[in-house]
Amino acid sequence: MLEIIKSRCYITTNIYDDEITSLINSCIQDCVRCGIKKSAFEFDDKGNYDNLILNCVTNYVKAYRGNDRSQTDEYLKMYTNIRDEISLHDKYIEVNNDEL
């Protein structure tokens, strides 16, 4: 996922890999906390990531990466909207059959 997110953020160097990896992991933890299953952030059976998941992670990374915070609020709103939408979709959440 790191290389895809870097490409989406127009980052061509490896110097920020640790920071970006940390942000990706923070995003995943936040999404899991909101009810999204961790497996949603893994490859699908065709070896691809889900585009909605990639958009979610990309906006999170763009919001927090680097020192320029001029668009942080904008990217956080996009991230939150996508995260909240994903958390309502059965495809992305764990369903506990014991509660049904």
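Modeller: Happy to! The largest nonpolar core has 24 residues, and those that touch the most other members are Met1, Ile5, Ile24, Phe41, Ile53, Val57 and Val61. A nonpolar core here is a set of buried Ala, Val, Leu, Ile, Met, Phe, Trp, Tyr and Cys residues joined through side-chain atoms within 4.5 Å. Buried means under 20% relative accessible area, exposed over 50%, and partly exposed in between, with a 1.4 Å probe and protein chains only. H2, H3 and H4 are the elements that give two or more residues to this core. Helices are DSSP runs (H or I, at least four residues), numbered from the N terminus.

Before we go on, this is a predicted model: local features need pLDDT of at least 70, side-chain atom pairs count only at pLDDT 80 or more, and totals for chains, interfaces and linings use all residues. Residues are numbered from 1 along each chain as its sequence is written, and side-chain values use heavy atoms, leaving out hydrogens and water.

Setting aside neighbours within four places in sequence, Val61 is in contact (heavy atoms within 4.5 Å) with Ile5, Cys9, Ile20, Leu23 and Ile24.

Now follow helix H2, residues 17-33. Its 17 residues reach 24 Å from first C-alpha to last, close to the 24 Å expected at 1.5 Å a residue; the expected span is 1.5 Å times one less than the number of residues. Buried in H2 are Asp17, Ile20, Leu23, Ile24, Cys27, Ile28, Asp30 and Cys31. Seen down the axis, these buried residues fall within an arc of 160°, so they line one face of H2; the arc is that of the directions from the helix axis to the C-beta atoms. An α-helix has 3.6 residues a turn, so residues three or four places apart point the same way. On the other side of H2, Asp18, Gln29 and Arg33 are exposed. The cover over the buried residues of H2 includes helices H1 (2-8), H3 (51-64) and H4 (72-86). Just after H2, Gly35 takes a positive phi of about 100°.

What about the cysteines? The structure holds 0 disulfides, a disulfide being a pair of cysteine sulfur atoms within 2.5 Å. Cys31 is in none, and its nearest cysteine sulfur, that of Cys56, is 3.9 Å away. Cys31 counts as buried because its relative accessibility is 0%.
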